[in-house]
Amino acid sequence: MKLFVSEGNPHCLKAVAALEVTGVKCDVQYVSHEERVVPYLNRPALPALLLPSGVHLFSTNAICRYLFEVNGQEPSSLCNQWLEWEATDLQPTVLQALHLAVLQGKGAEASKLLQAPLSYLEQSLSKGKTPYLTGEAVSVADVVVWAALYPFMSDSSLALGEWKCVKTWFDRGALMHSFQSAAQKVLQGKGLQGMKSYMQRQPAPQSSQSRETAPCNSSPAECAQAEESERAVSEEEMEAAALTWSKGLTSGPSPHQRQHPVLPQEGKRNVLVTSALPYVNNVPHLGNIIGCVLSADVFCRYGRVRGWNLLFVCGTDEYGTATENKAREEGLTPQQICDKYHAVHSSIYQWFQIDFDFFGRTTTEKQTEIAQDIFWRLHKHGFLVEDTVEQLRCENCQRFLADRFVEGTCPYCSYPEARGDQCDKCGRLINAVELREPQCKVCRQTPVIRSSKHLFLDLPKLETQLENWLDKSTGAGDWTANAKQITRSWLRDGLKPRCITRDLKWGTPVPHADFKDKVFYVWFDAPIGYLSITANYTDEWEKWWKNPNQVELYNFMAKDNVPFHSVVFPCSLLGAQDNYTLVNHLVATEYLNYEDTKFSKSRGVGVFGDMAKDTGIPSDVWRFYLLYVRPEGQDSAFSWADMATKNNSELLNNLGNFINRAGMFVTKFFEGCVPQMELLQEDKKLLAVVGWELQQYIQLMDKVKIRDALKHILNISRHGNQYIQVNEPWKRIKGGDADRQRAGTVTGVSVNVACLLSVMLFPYMPTVSQTIRDQLNAPQSVVSSALQGGGTFACALRAGHRIGTVSPLFQKLETDQIEALKKRFGGQQKTTATAANAQAAAVPAPSAAAATATAEAATANQVDPERAKQLTQAVAEQGEKVRALKAQKAAKDVVTAEVAKLLDLKKQLALAEGKSPEPAPQKGKKK
């Protein structure tokens, strides 16, 4: 074996350290950073390990893992989890930090970036009872994580903070000769500066990150565009592509011939898809839409075109305190609220072209019947326990508070906006009574503690069953990285009994005589809605939901819903022991923000589903942009300016330009009929390249990499534009017979590429897809045949085929139009910025503010409406600033200082409103 490395390359440090620790016999050759040692790659890839078989490994973690395996050390499941975390979370952050520290000299900013992964590592190490990450001995996980952090942990000039457990673990590794030797060999004792030469040759941080964590607002094509645009095409590939092309279309199942009810079929791939049930009382914003229903819709449209036997169900989640409160606000009954907002949701999803097989609701008899059956089965099998619990009760509202209606300071990490069931910052489960300074979210009063008897799902008793099932499901299925990590974090702390009843009126009644005045807790009840909604669609619902051997279940959601779908709901079904279908593929997105803040209906910030159609922008364009910035690996943001750029560059100038030119050439030069085509090598090369892009698209879509797959559509239209530009059919048509023939071939090939694009676009932009096929008069069979198997690019529009009328597909979004929309959906932020800033400037420091508050309290506690109005604006502004800092994972001291300012503003607001400023409760905006 031979290991190729370069000095100053941080990735090579891992490989050399693994070699030193394992002692595997291997030659090491130092090469320049630009050396291309892997013959079939057109870019440098270091480190690279040449195996005796002649095969090259050039994934750093794969090399490290291989060296340990050769040494007889198979990685454990825990070890693999750490390697995955390092690759998807730690490494992208480290690369950004290296760019800041090494090339820009911004060590302080680099340190801030590293706080989040260091915090995670600290928590994990503090809970473990072993000296290393996975046990008593150094594993490949220790090597990889230690080497990733070495440049920063070994630099005393960087203020990384007091991470006691991390430092102990790191120092333990630093004392080992093998680690010391590796660091000396690769970095020559120069630390961060030893990496300067390497870092200067690297692209910007976002392009050096893995796709999972690449910033979601960057072009999907940018991450691998350079590599793929230079991809070499062999003669064999060209000839194979030409042969496939010449065979023409093959028949396949039509995606439009659905017969309801859709039921599982023998010999078919039976796919059941759910998207998280939206709360009925909330109008969904763009983040809700991309996180659940739109992502699921794209996958379902794709699956149907692939010929899968697929059922897509969703519906509104209608029970719980939130609905009761909304009804009270609007002077309606809870059922009237549900009826009203169910219609709102249905209308929004129809406009966004979400193609459900059935969109139902949870306030049905089927919901009661199925939920109560599962309850009795759990009771029968001994998985329910009774306990008397202390709950928070708001005396002002005269009721017990549901978890989502109480907030306070987390008892574990002191996050000031923790919910009554879970802290969004540290992820720990919380009992509401454990919160410090709790507050009723409805009236902002401090609740009191009262006792009440409840039923609990005995999760500890089900933990072994759950873990066995999770090992199989996550191993065989396509679970997103965040879904795996969130689930593991719950299991790592050990499961605790979970309360499944609540002291409410609006909900599924508990059928037990001792609990007749209670209802099921929404997170026991709501996921059962998938089953009851299917039961309202077909009486044969059990063929889907009690058929795990024939049915594949996909769940789509945002990351905050993961634990309830990966732990709580599966435990309910496992405990019921009724052969239920459990999730095979759990697909979770991160969060989509609005510009540089969060969506807020009350403040008019952001685009909500019922507003999008009033912008004049077609729903297909909304779908395209939301999918373009889909937060697959990390949070992303909707941006009006970016939406305009992507519309004008990707849709108008790239995709639309190519399809329109191809069609117009047929109309203008060949009287509307596809000309004869005589393929040259250049044409065959395009066929091969397009065929390869199609195969990549299918592989990614099969794995639910929806955003990554989109780039291959755009790549194809780029290849097509370049092909037209190089061959200039508009000039050749004026030449002799050979030139006219060449113009015909280029036009015929191009219009067939456009036809293929219409099929690939169907899951993303269904109306545009149909419009293209109508303009080209494309045969229906093209939809089903192109995406069969691994992908087939065949000649769909033969010579002599007459196309329809061609017209532009997209319109330019003008700057003034976008500015007007940005202003319209910016809420009060822009208009009140001056007033808020002036008020903020007048706010004294916390200590001085306290004195001011005391002075104002002494002035007869008079109400000052004008000052209250100004302070309300200032509180909103400061609250957004705090939330933005938290979202950016800013340093704790920075966040603490800004939180202190926020609390002080709230005290002043209380005084201006004639209220007592003490105690100073935390006001949250979490939904």
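The structure is a predicted model, in which local features require pLDDT of at least 70 and side-chain atom pairs count only at pLDDT 80 or more, while totals for chains, interfaces and linings use all residues. Residues are numbered from 1 along each chain as its sequence is written, and side-chain values use heavy atoms, with hydrogens and water left out.

The secondary structure of the chain comprises 36 helices and 20 strands; helices (H or I, at least four residues) and strands (E, at least two) are DSSP runs numbered from the N terminus. Of the 927 residues, 57% count as buried, where buried denotes under 20% relative accessible area, exposed over 50%, and partly exposed the range in between (1.4 Å probe, protein chains only). The accessible surface of the chain is about 37900 Å², and 50% of that surface belongs to carbon and sulfur atoms; areas come from the Shrake-Rupley method with a 1.4 Å probe, and for residues only the protein chains shown count as cover. Among contacts (heavy atoms within 4.5 Å) between residues at least 6 apart in sequence, 77% join residues at least 24 apart.

In soluble globular proteins, nonpolar side chains tend to be buried together. A nonpolar core is defined here as a set of buried Ala, Val, Leu, Ile, Met, Phe, Trp, Tyr and Cys residues joined through side-chain atoms within 4.5 Å. The largest such core holds 186 residues, of which Val273, Ile374, Trp622, Trp640, Tyr697 and Tyr764 touch the most other members. Not counting residues up to four places away in sequence, Ile374 touches Phe524, Ile528, Leu531, Ser572, Leu573, Ala576 and Tyr580. A second, separate core of 70 residues includes Leu90, Leu98, Phe179 and Tyr198.

Five strands form an open sheet in the order β7-β6-β5-β17-β18, with parallel pairing; two strands pair if DSSP finds at least two bridges between them. The twist from one strand to the next averages 20 degrees. Strands β5 (residues 270–275) and β17 (residues 551–558) run parallel and are joined by six bridges, and Ser275 has Phe556 of β17 as its bridge partner. Helix α20 (residues 528–537) packs on the sheet, touching β5, β6 (309–316) and β7, and its direction makes about 110 degrees with that of β6. Axes are lines fitted to C-alpha atoms, for helices over the stretch in contact, and angles run from 0 to 180 degrees between N-to-C directions.

No disulfides, defined as pairs of cysteine sulfur atoms within 2.5 Å, are found in the whole structure. Cys314 is buried, at 0% relative accessibility; the closest cysteine sulfur to its own, in Cys292, is 7.6 Å away, too far for a bond. Cys26 is also buried, at 17%.

Cis peptide bonds include the one joining Leu46 and Pro47, with omega about 0 degrees; Pro47 lies in the loop between β2 (27–30) and β3 (48–50). The bond from His260 to Pro261 is cis, with omega near 0 degrees, and Pro261 is in the loop between α12 (235–247) and β5. Gln188, not a glycine, has a positive phi of about 55 degrees; Gln188 is partly exposed at 35% relative accessibility.
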